[in-house]
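Please open the model in your viewer and keep the selection panel at hand. The tour below goes from stop to stop, saying what to select and what is found there.

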Amino acid sequence: MATVTLKGNAIHTIGELPSKGSAAPDFNLTKVDLSSASLGDFDGKKVVLNIFPSIDTGTCAQSVRQFNKEASDLDNTVVLCISKDLPFAQARFCGAEGIKNVEMLSDFRDGNFGKSYGLQFSDGPLAPLHSRAVVVLDESRNVVYTEQVPETVDEPNYDSALEALKNA
């Protein structure tokens, strides 16, 4: 279990993020067109998992905007923005913001992504949403970087994630 804060108040996740060097757990998430996506769909590419509670908060929205901007310059890389938001809300946000360089995925159906990655909140006002985290995978699905953002309202460390991606 990881302990993070929400505006200074301690909240917990159900587990820990996958460790660096481990194989990333597979997943089955929902795209904005309601089709399914699994980790295997991105075989041979570097993958950035930008994970957050809800696209309808300022910090979450900013992380999608920032990774969308950065993704336009990345070779052989896909940025997956993952939350439990309904695919309709994700599509609305991307349409309104002109987001085209990242792929939005939803864990709304069964929450298995949040459980297998250990980042579902177990208590506090955001339970059972996802905590804010970034996980970077190499082309072989191995975890090369993780960040469990300690304060939920803060943005992730984009520079560290992108540096790990370049070195993967």
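Begin by selecting L34, which is found in the loop between β3 (28–31) and β4 (36–38); strands here are DSSP runs of E with at least two residues, helices are runs of H or I with at least four, and both are numbered from the N terminus. Although L34 is not a glycine, its phi is positive, at about 75 degrees. The residue is partly exposed, with a relative accessible area of 39%, where buried means under 20%, exposed over 50% and partly exposed in between, using a 1.4 Å probe and protein chains only.

A note on the source: this is a predicted model, in which local features need pLDDT of at least 70 and side-chain atom pairs count only at pLDDT 80 or more, while totals for chains, interfaces and linings use all residues. Residues are numbered from 1 along each chain as its sequence is written, and side-chain values use heavy atoms, with hydrogens and water left out.

Next, select R141 in the loop between β8 and β9 (143–148). R141 also is not a glycine and has a positive phi, of about 70 degrees, and at 26% relative accessibility it counts as partly exposed.

Now move to P128, in the loop between α3 (112–116) and β8, and display the peptide bond that joins A127 to P128, which is cis with omega about 5 degrees.

Finally, select helix α1 (residues 58–71), whose 14 residues reach 20 Å from first C-alpha to last, close to the 20 Å expected at 1.5 Å a residue; the expected span is 1.5 Å times one less than the number of residues. Its buried residues include C60, V64, F67 and A71. Which elements do the buried residues of α1 pack against? They pack against β5 (46–51), β6 (77–83), α2 (87–97), β7 (103–106), β8 (133–137) and α4 (158–167), with contact meaning heavy atoms within 4.5 Å.
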